[in-house]
Amino acid sequence: MTRFRAVAKCAAAATLGLALGGCMLSMPYQIVDETAATAEGDAIVALTYARLRPESDRRGRFYDLSADVIDELEDQPGLIGYRLQRSLSGAEVWTQTVWTDVGALTAFLYTGAHATAASQEDDLVIDSAFANVTIPRSAAPLDWEAAERALAAEKGPRGPQSAAR
């Protein structure tokens, strides 16, 4: 009977692990510029995916750098809104930032905290993908399934084909 309980506990734990493996923690879409969000026209949705290295110190560093990026994000000219998602384990992360134009996105990507974080990607990330999608502003943000499809379409045999960092 004791052995049966041990096997049953292991099976239950494995089942729970499989069930939770697909769970995500998502933050709601944060609109930063209501006027831009409700204006006519298109928006650029910048999508990112990262699978993090398993070492806790590297994951901790990734999340510290991410906090710095988020702290600067809301002050960026041209940002309409953003949202984030991560796996329950914290091993995978996705971002969506919505911009008025490519110039505003590019300015953000190559300056400040984001530039610092991107320069450390190789040390912190196992795999990544990036995509930009143009959609009507009224359709922002993308649902996560559409975002994942767009990221998958951009990822080729040697990594992302069009990377916006």
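Reader: Hi! Where is E72 found?
Author: Hello! E72 is found in helix α3, residues 56-73; helices here are DSSP runs of H or I with at least four residues, strands are E runs of at least two, and both are numbered from the N terminus. This is a predicted model, where local features need pLDDT of at least 70, side-chain atom pairs count only at pLDDT 80 or more, and totals for chains, interfaces and linings use all residues. Residues are numbered from 1 along each chain as its sequence is written, and side-chain values use heavy atoms, leaving out hydrogens and water.

Reader: Thanks! How exposed is E72?
Author: E72 is partly exposed, with a relative accessible area of 31% (buried means under 20%, exposed over 50%, partly exposed in between, using a 1.4 Å probe and protein chains only).

Reader: New topic: how many salt bridges does a search of the whole structure find?
Author: The search finds two, a salt bridge being a side-chain nitrogen of Lys or Arg within 4 Å of a carboxyl oxygen of Asp or Glu. R58 pairs with E55, their closest N and O atoms being 3.9 Å apart. D123 also forms one with R58, at 3.6 Å between the closest N and O atoms.

Reader: Nice. Is R58 buried or partly exposed?
Author: R58 counts as partly exposed, at 26% relative accessibility. D123 is partly exposed too, at 42%.

Reader: And which peptide bond is cis?
Author: The one from A140 to P141, with omega near -5°. P141 lies in the loop between β6 (125-136) and α7.
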